[in-house]
Amino acid sequence: HQSVNFSTGTDVKTGTDYFRGRAGYAAYSATLTARGSVPPTLQFSDVDDNGWIFINGHLAGSHHGWGEPFHIRTGRFWKPRRRNRIVVLVQNIAGAGGVMGSAELNTASFRRPIIGWRMRGGIRSAYGRKPWQSISKMGTVPMPRLYRANFNWQPGGAVGWHMVLRADWGNLDRGHIYINGHDLGLYPDRNVPVAGGLYIPSVWLHSGTNQIEMFDVDGRSPHGAKIVIDPVASRLRWMLVSHGG
């Protein structure tokens, strides 16, 4: 598994449409030096479409829906008089997306905008340069994580079963599934009920070793995830052979 790394991120200003109509995820990070001993409130005017806010690696809150102001209390996750890291994981469903409005740090005595954001966009660019770790080293803090595993698949012959496979996300909460670099889509699919997992097109599979990647917003354990055969869609495949006369 891997966790978000911003060391090679890109400077970005709020209000920038990063997604340009593409669905997916991007993560924004800013480091702030705390003033005073009172934990502040984070105020956002528009995170498009959905956002999860992490304070020093802890999930402090989330908001679903674009164009709506909301606030997040930093509470016990905030470190008074020390440097604090804010990460906003943004999911875009369609159209413009990102931290589209203002972001502020507020207390009863002061109010100041959050500047100096860095961004890692997309699953691969956000995770591609960090070494993979064993699942046994995974922490308990809820945070975005990307998991990777391999599985073997052998297509049927001229006469044999055409197996239709699905990717079952098990106990994972919400995110994306990739097969050999191809995005199967969002799980769970809230618009269309999915029985038994997301459909895997056979044209995306290789004979032999294949790779599955699962990006989970909350970073739950992937041990319940699996590749399953769809018994209804799978079928016996025949080939007509002409011997001539």
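Predicted model: local features only at pLDDT ≥ 70, side-chain atom pairs only at ≥ 80, totals over all residues.
Of the 245 residues in the chain, 44% are buried.

The secondary structure consists of one helix and 22 strands. Among contacts in the chain with a separation of 6 or more, 77% are between residues 24 or more positions apart.

Eight of its ten residues are buried, so strand 3 is largely enclosed by the rest of the structure. Strand 3 pairs with strand 9 (residues 83-92) in the antiparallel sense, over ten bridges. Within this pairing, Ala27 has Leu89 of strand 9 as its bridge partner. Strands of a sheet pair through backbone hydrogen bonds, in either a parallel or an antiparallel arrangement.

The largest nonpolar core has 25 residues. The members that touch the most others are Tyr28, Leu42, Phe44, Val88, Ile114 and Trp117. Two or more residues of this core come from each of strand 3, strand 4 (41-44), strand 6, strand 8, strand 9 and strand 11. Strand 3 contributes the most, with four residues. A second, separate core of 17 residues includes Phe151, Ile179, Leu184 and Met214.

Val88 shows what the surroundings of one member of the largest core look like. Leaving out residues up to four places away in sequence, Val88 touches Ala26, Ala27, Tyr28, Phe44, Trp52, Ile53, Val99 and Trp117. Tyr28, Phe44 and Trp117 are also among the residues of the largest core that touch the most other members.

At one end of the order, strand 11 (residues 103-106) and strand 12 run antiparallel and are joined by three bridges. Leu105 stands opposite Arg112 of strand 12.

Asp49 lies in the loop between strand 5 (47-48) and strand 6 (50-55). Its relative accessibility is 8%, so Asp49 counts as buried, the limit being under 20%. A polar atom of the Asp49 side chain lies 2.7 Å from the backbone nitrogen of Ile93. Ile93 is also among the residues that Asp49 touches, together with His64, Gly65, Trp66, Val90, Gln91, Asn92 and Ala94, when residues up to four places away in sequence are not counted.

Asp168, by contrast in setting, is found in strand 16 (residues 165-168). At 18% relative accessibility Asp168 also counts as buried, because the limit is under 20%. The side chain of Asp168 has a polar atom 3.0 Å from the backbone nitrogen of Gly170. Leaving aside neighbours within four places in sequence, Asp168 is in contact with Gly196, Gly197, Met214, Ala225, Lys226 and Val228. One of these, Met214, is included in the second core of 17 residues.

Terms used
Residues numbered from 1 in each chain as written. Heavy atoms only, no water. Buried < 20%, exposed > 50% of the residue type's maximum accessible area, 1.4 Å probe, protein only. Polar contact = N/O pair within 3.5 Å; in protein donor to acceptor, adjacent residues only side chain to side chain. Contact = heavy atoms within 4.5 Å. Pairing = 2+ DSSP bridges. Core = buried A, V, L, I, M, F, W, Y, C linked by side-chain atoms within 4.5 Å.
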